[in-house]
Amino acid sequence: GVGRATFEGTLRAEFAVLFEHEKEGAFGNIPFQFGIISMIGFALTTGLHCSPSSSSSPYCIQYENGTHHNMLAFEIIIM
């Protein structure tokens, strides 16, 4: 709660300063950018598999359905 409020408050204040003559467009652009970034992150994570031969890597994790995924890539995307 507090972290998100701090992030969103600062983000909105910065957008208000950058787009002082077009505030409606600036604040409408924030959810659009969040949506685009979420879509890119989802698309990347669905295709980031690692081969079972590299399963000795600590970042190559086998899911319940038998597929192997590169968790290092997930962590980098999240950051």
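Analyst: Here are the labels, each set against its definition. This is a predicted model, where local features need pLDDT of at least 70, side-chain atom pairs count only at pLDDT 80 or more, and totals for chains, interfaces and linings use all residues. Residues are numbered from 1 along each chain as its sequence is written, and side-chain values use heavy atoms, with hydrogens and water left out.

User: What makes Arg4 and Glu8 a salt bridge?

Analyst: A salt bridge needs a side-chain nitrogen of Lys or Arg within 4 Å of a carboxyl oxygen of Asp or Glu. For Arg4 and Glu8 the N to O distance is 3.2 Å. The pair therefore qualifies. Side chains of opposite charge can pair when their charged atoms come close.

User: Where do Arg4 and Glu8 sit in helix H1?

Analyst: They are four residues apart in helix H1 (residues 2–18), so about one helical turn separates them. Helices are DSSP runs (H or I, at least four residues), and strands are too (E, at least two), numbered from the N terminus.

User: Which residues are linked in a network of salt bridges?

Analyst: Arg4, Glu8 and Arg12. Glu8 also meets Arg12, at 3.4 Å from N to O. Glu8 and Arg12 are again four residues apart in helix H1. The whole structure holds two salt bridges.

User: Why is Glu8 called buried, and what is Arg4 called?

Analyst: Buried means under 20% relative accessible area, exposed means over 50%, and partly exposed lies in between (1.4 Å probe, protein chains only). Glu8 has 16%, so it is buried. Arg4 has 60%, so it is exposed. Arg12, at 36%, is partly exposed. Of the 79 residues, 16% count as buried.

User: Why is the pair of Phe15 and Phe19 called tilted?

Analyst: Rings of Phe, Tyr and Trp (its six-membered ring) pair if their centres lie within 6.5 Å; planes under 30 degrees apart are stacked, over 60 edge-to-face, and the rest tilted. The Phe15 and Phe19 centres are 5.7 Å apart, with 35 degrees between the planes, so the pair is tilted. Phe15 is buried at 10%, whereas Phe19 is partly exposed at 36%.

User: How do you know how the radius of gyration compares with a compact globule?

Analyst: The radius is taken over C-alpha atoms, and the globule rule is 2.2 Å times the number of residues to the power 0.38. A compact globule of 79 residues would be near 12 Å, but this protein has 18 Å. Its C-alpha trace spans about 55 × 25 × 20 Å along the principal axes.
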